[in-house]
Amino acid sequence: MSLTGSVREHEARLANCVHCGFCLPVCPTYRRLGDEADSPRGRLYFMRAVVEGRLDVGEDAFRTHIDRCLGCRACETVCPSGVEYGHLLEEAREAANERHTMPLVTRLALAVFLRPELLRGALLALRLFRGTGLPGLAVRLLPSRGFLQQVRLGLGMLASSAPPTIPGHSARNATDGEVARGSREAAGEAAPVTGMRDPERVALLRGCVQAGLFGRVNEATCRVLEANGYLVEWPRGQVCCGALHAHAGSLHHARALAKRNVDAFDRTSAEWIGVNAAGCGATMKEYGRLLESDPAYRERAQRFAARVRDLSELLADHGPRAGGTLPICVAYDAPCHLLHAQGVAEAPLEMLRAIPGLALVLLERADECCGGAGIYGVTHAKLGSWIGVDKLQEVESSGADAVATPNPGCIMQIGAWARIRRLDVSVWHPAELLDLSYRLGGLYDRGA
């Protein structure tokens, strides 16, 4: 469907923008470029111009400014008119894709994520390459200029998907028996599970990058949920959530993947659908909107979306339990698609506060995008690097030993820039830190 047609169906949503300007100071691209065309209201103006026939969707200006958006949706958080900018952006990109060819790296990524067998093979190859240590070595040796800057960032992201350690702290060997016993004695007995008379069942999303490069996070998620009284299952037949495709404007592929997941998760009896990746959770919570024009899936997708919960939300409902002492300083950075798209702000902090001894700090601009935005840092090297370096400077200023952020893309983006800038800081998913605390506190030894 053309942009004129797709946006006209929701013209009232587009017209909600009153040009107040509240979105300007929270927009990462506008803050750095100072160009109204690279602000949310500027992009909405372009969309209205296309709908009203004042601008052709094939114009380079339309594609350039729509493509330059990170899709962080920080504008939605501050918008007093409730403009659904993220959905309109995806529709605009879908229309732009009909007239312009997407970058080769984007086309390849989307094609691979559509084919589970090919994706598993690609991620296996990346894990093997990561295991050689060559990506980390290349990050230190390659210069940051031209095309090599993009290669260096990509390799840094891969290297940063490896299991993290805590610089200068004994907990880096957290599975060591002596460390675990000492922490267990300091922590004492764990608090009992509260608020769950009958165990609730959670069907977990494996994810794509999460399963392929962050399998340890999925394992930690499962252990942590079980320790907090949940019953966990992994539904068969699930596929990529479609987030990358939706954000890139490949909505027909996103819908196809969404239908397969609705089918797969409908075969479970679980009360909840658990997700530990912010980008996946945001897309899955919006399946009802994505499939609203499909009579066969509309109501099923709405029911599906109502069951989706981020890991931190599930833990906040019944805990989370306290674990063993982990005396480190951790800076929390909020993934855009958890904070802005899902509106989940406090639950991840509750996870981290459940860890005795952990000093929690918020980055100065923890609500701003890290510049990852899927593969944005690779496809928009200059602007993505600008945003990424700014985020790393905030990490450095915090004085933290580690960063916690519940999204694989954010972990890799922040981790890559830490490697490039040689900042000795590790990047974790909060589930890993809570799982480590539980192991140190002996919760798994005693049984949850």
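## Around Gln342, and the cysteines

In this predicted model, the backbone oxygen of His337 lies 3.1 Å from a polar atom of the side chain of Gln342, and that pair is a polar contact, a term for a pair of N or O atoms within 3.5 Å in which, within protein, one must be able to donate a hydrogen and the other to accept it, while residues adjacent in sequence count only if both atoms are side-chain atoms. The side chain of Gln342 also reaches the backbone oxygen of Ala278, at 3.0 Å.

Residues are numbered from 1 along each chain as its sequence is written. Local features need pLDDT of at least 70 and side-chain atom pairs count only at pLDDT 80 or more, whereas totals for chains, interfaces and linings use all residues, and side-chain values use heavy atoms, with hydrogens and water left out.

Gln342 is buried, because its relative accessible area is 14% and buried means under 20% (1.4 Å probe, protein chains only). Leaving aside residues up to four places away in sequence, Gln342 touches several residues, including Gly281, Lys285, Asp310 and Glu313, where contact means heavy atoms within 4.5 Å.

Turning to the cysteines, a disulfide is a pair of cysteine sulfur atoms within 2.5 Å, and by this rule the count is zero. Cys72 is in no disulfide, as the nearest cysteine sulfur, that of Cys336, is 4.7 Å away. Cys241 is buried at 4% relative accessible area, and its sulfur is 3.6 Å from the closest cysteine sulfur, in Cys280, which is too far for a bond.

Methods: Buried < 20%, exposed > 50% of the residue type's maximum accessible area, 1.4 Å probe, protein only.
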